[in-house]
Amino acid sequence: MGDILIVDDERDIRQLISDILVDEGYTTRLAGNSDEAIREVNSEPPSLMILDIWLKDSRMDGIDILKTVKRDNPDVPIIIISGHGNIEIAVAAIKQGAYDFIEKPFNIDQLLVVIRRAMETSRLRRENLELRRRDVAQADMVGNSAVFRAMMGQLDKVTKSNGRVMLTGPAGVGKEVAARFIHAKSSRASAPFVTVGCATIEPERMEEVLFGRESTARGVEPGLLEQAHGGVIYFDEVADMPLGTQSKILRVLVDQQFTRVGGSDRVRVDLRVISSTSRNLDAEIAAGRFRQELYHRLNVVPIPVPSLEERREDIPVLASYFIDFFHRSQGLPARSLTDEAIALMQTMTWPGNVRQLRNLIERVLILGDGSGPIQATELPGEESRSTSDDGRMVLAGALAALPLREAREAFEREYLLTQINRFGGNISRTASFVGMERSALHRKLKSLNVVTGSKGGGRVAYLEDEEDEAEA
């Protein structure tokens with residue numbers, strides 16, 4: 001039923017409690033002083049502790065043991081017992097994390113009721129936490145483009161280690177999803193995944209949020225680092241972390257321990273650190289806004305997360321994934337996508353990346369008129385952008401100002417650049433879609449100075465002049 005550690009300096013009392021609990025189906029361990037109690041907890045945390053406040057010939061009293069155990073094993077429920085009980089002691093014990101306080105001499109039936117409730121509460125908390133972790137683990141990585149597969153190859157490798165990872169890429173690309181993927185596939189999958197939103201926490205509260213605090217009035221309040229013990233701490237947009245906090249986090253990475261705000265005890269933690277940023281950290285370091293030592297500690301394995309612009313061929317599978325997600329989670333219509341809608345999405349600009357695509361799909365499903373396939377005209381701004389009231393194509397102002405030959409060349413260049421990138425640099429698929437022979441398409445691309453090359457594990461199209469400028 002459960003392993004219970006009984007800590008009492010009176011041998012007869014701890015043996016009596018043990019005999020009764022064994023009869024009830026529990027297993028027990030006994031300790032007569034603080035050294036024995038801490039040794040038992042360190043060897044194997046019990047399912048529950050029964051702890052006497054006053055311990056003769058002991059280095060620590062019950063409150064000190066309570067604080068120590070709760071610091072390193074916050075999930076262990078502790079029932080305090082005392083023959084000198086008063087309201088002040090009870091309040092102090094509860095503030096330090098005790099489940100309940102029982103005064104000696106106690107009714108054994110009362111003690112058994114409290115034990116059962118404490119064990120049940122602990123079980124429910126563990127199950128609730130496990131359910132939340134399973135929900136986290138369902139953060140799927142979706143795509144099949146070459147650049148996506150290259151990133152996944154890197155992510156798969158780092159799941160097998162405890163190395164620190166730095167995820168880079170513009171906002172909205174899915175850096176947190178990648179971090180959760182690493183956690184879910186690692187040996188720490190059953191442990192916590194805790195996110196630190198460095199850009200959203202007020203600078204003056206950052207250390208309190210991270211390290212927790214201790215006060216006489218409120219007792220111990222664990223911070224995010226303590227909550228992540230045994231698992232993963234994820235620093236989202238780490239460049240926004242205040243400079244003062246950066247130096248303290250650097251010390252945590254070195255020592256794997258820290259002190260709560262207002263406290264004096266050293267708190268030991270076992271953490272894997274994953275960070276992300278959408279900024280250029282080299283520029284932040286040069287500007288004096290980010291500590292170079294911290295950068296080198298965090299950037300052990302750098303992994304770039306590609307933008308949606310770099311993986312346009314993943315847009316259809318991402319869109320279908322989000323449609324299914326919103327159908328299951330919100331009951332929105334499970335609509336398909338027309339070829340025209342897919343083609344349009346693959347040619348749109350996506351400054352908000354995957355997050356923007358997700359929001360667009362949700363908006364279309366909410367505002368859509370029916371359950372049929374999603375049409376191109378349902379996408380925001382498409383009707384006004386592409387056609388006039390009588391159905392004619394609307395000509396862009398810059399194109400309309402060019403002579404026919406230059407306008408045709410400009411259109412062909414942009415059209416083919418878009419289509420090649422839409423198909424992930426695959427010339428055969430592009431030729432099939434645009435209705436040209438592959439050899440004819442190659443000749444056309446050469447005449448327009450359009451070339452293809454590798455970038456981030458995939459192929460992209462660009463103007464030859466742009467590559468020359470980049471190399472210069």
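Which residues of the largest nonpolar core touch the most other members? Select Val196, Leu225, Ile233, Phe235 and Ile249; these are the ones, in a core of 32 residues. A nonpolar core is a set of buried Ala, Val, Leu, Ile, Met, Phe, Trp, Tyr and Cys residues joined through side-chain atoms within 4.5 Å. Buried means under 20% relative accessible area, with a 1.4 Å probe and protein chains only.

This is a predicted model: local features need pLDDT of at least 70, side-chain atom pairs count only at pLDDT 80 or more, and totals for chains, interfaces and linings use all residues. Residues are numbered from 1 along each chain as its sequence is written, and side-chain values use heavy atoms, leaving out hydrogens and water.

Now colour the elements. Those giving two or more residues to this core include strand E7 (193-197), strand E10 (232-236) and helix H10 (243-255). Helices (H or I, at least four residues) and strands (E, at least two) are DSSP runs, numbered from the N terminus.

Zoom in on Ile249. Beyond its neighbours within four places in sequence, Ile249 is in contact (heavy atoms within 4.5 Å) with Leu210, Phe211, Leu225, Phe235, Met241 and Leu294. Apart from this core lies another, of 25 residues, among them Val142, Ile342, Leu344 and Met345.

Next, the sheet. Five strands form an open, parallel sheet, ordered E2-E1-E3-E4-E5. Strands pair if DSSP finds at least two bridges between them. Strand E2 (27-31) and strand E5 (100-103) are the edges, each pairing on one side only.

Finish on strand E1 (residues 3-7). Five bridges join E1 to E2. Pick Asp3: its bridge partner in E2 is Thr27.

How values were computed
Buried means under 20% relative accessible area, exposed over 50%, partly exposed in between (1.4 Å probe, protein chains only).
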